[in-house]
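Dear colleague,

I am handing over the structure below for your attention.

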Amino acid sequence: MELHNLKPAPGSNKTNKRLGRGPGSGSGGTASRGHKGAKSRSGYSRKIGFEGGQMPLQRRVPKFGFNNINRVEYKAINLDVLQALAEANNLEKITLDDMRAAGLIPKKGLVKVLANGAITRALQVEANAFSKKAEEAITAAGGSVTKK
């Protein structure tokens, strides 16, 4: 192989259609744009969602729903997860920092403890919120609950 032998792969190079270069080219006259109308004119660009004057889809479909700006979202942590965390790290007190370190909650997330699963250890649990059953289960196991 030498420099004068190099050429592009077959089929990779195409010649551009030379539009509007006379009737002999086969695409002279209207330059394959059809007759009249906005699409035939230079400078035409259609707005996003424009459907030729027909009522566009985004205006035909009704709005619905509503986002409450005061909504407070909690990351749910179940009792069985707390039990596993306490056993793995041999903890008596579980704080929000312990849950963050274990990767259970995001850095600035709020935590609510739910009552799925069972808890056998007497744990001191710190969280932003507790369900009634979770609170009862923790205190029944001899632990305590701290709302932060």
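The count of salt bridges comes to five, where a salt bridge is a side-chain nitrogen of Lys or Arg within 4 Å of a carboxyl oxygen of Asp or Glu. Please note that this is a predicted model, in which local features need pLDDT of at least 70 and side-chain atom pairs count only at pLDDT 80 or more, while totals for chains, interfaces and linings use all residues. Residues are numbered from 1 along each chain as its sequence is written, and side-chain values use heavy atoms, with hydrogens and water left out.

Salt bridges

One of the salt bridges joins Glu-51 and Arg-60, with the closest N and O atoms 2.8 Å apart. Glu-51 has a relative accessible area of 30% and is therefore partly exposed; Arg-60, at 45%, also counts as partly exposed. Here buried means under 20% relative accessible area, exposed means over 50%, and partly exposed lies in between (1.4 Å probe, protein chains only).

Another salt bridge is formed by Arg-71 with Glu-73, the closest N and O atoms being 3.4 Å apart. Both of these residues, Arg-71 and Glu-73, are exposed.

The side chains of Glu-126 and Lys-148 also meet in a salt bridge, at 3.7 Å from N to O. Glu-126 belongs to strand S4 and Lys-148 to the segment after strand S6 (144-147), so this pair ties together parts that are 22 residues apart in sequence. Glu-126 is buried, with a relative accessible area of 13%, whereas Lys-148 is exposed at 63%. The helices (H or I, at least four residues) and strands (E, at least two) named in this message are DSSP runs, numbered from the N terminus.

The sheet

Three strands make an open sheet in the order S1-S3-S5, with parallel pairing. Its edge strands are S1 (74-78) and S5, each of which pairs on one side only. Two strands pair if DSSP finds at least two bridges between them. S1 and strand S3 (residues 110-114) run parallel and are joined by five bridges; in S3, Leu-114 is the bridge partner of Asn-78. Helix H2 (residues 79-89) packs on the sheet and touches S1 and S3, and its direction makes about 70° with that of S1. Such angles run from 0 to 180 degrees between N-to-C directions, the axes being lines fitted to C-alpha atoms, for helices over the stretch in contact.

Two loop residues

Ser-131 lies in the loop between strand S5 (129-130) and helix H4 (132-140). With a relative accessible area of 18%, Ser-131 is buried. Residues up to four places away in sequence aside, Ser-131 touches Lys-112, Val-113, Leu-114 and Ala-115, contact meaning heavy atoms within 4.5 Å.

Ala-118 is placed in the loop between S3 and strand S4 (124-127) and counts as exposed, at 55% relative accessibility. Apart from its neighbours within four places in sequence, Ala-118 is in contact with Leu-79, Asp-80 and Gln-83. The C-alpha atoms of Ala-118 and Ile-69 are separated by 35 Å, these residues being 49 apart along the chain.

The start of the chain

Met-1 is found in the segment before helix H1 (57-60) and counts as exposed, at 87% relative accessibility.

Yours sincerely
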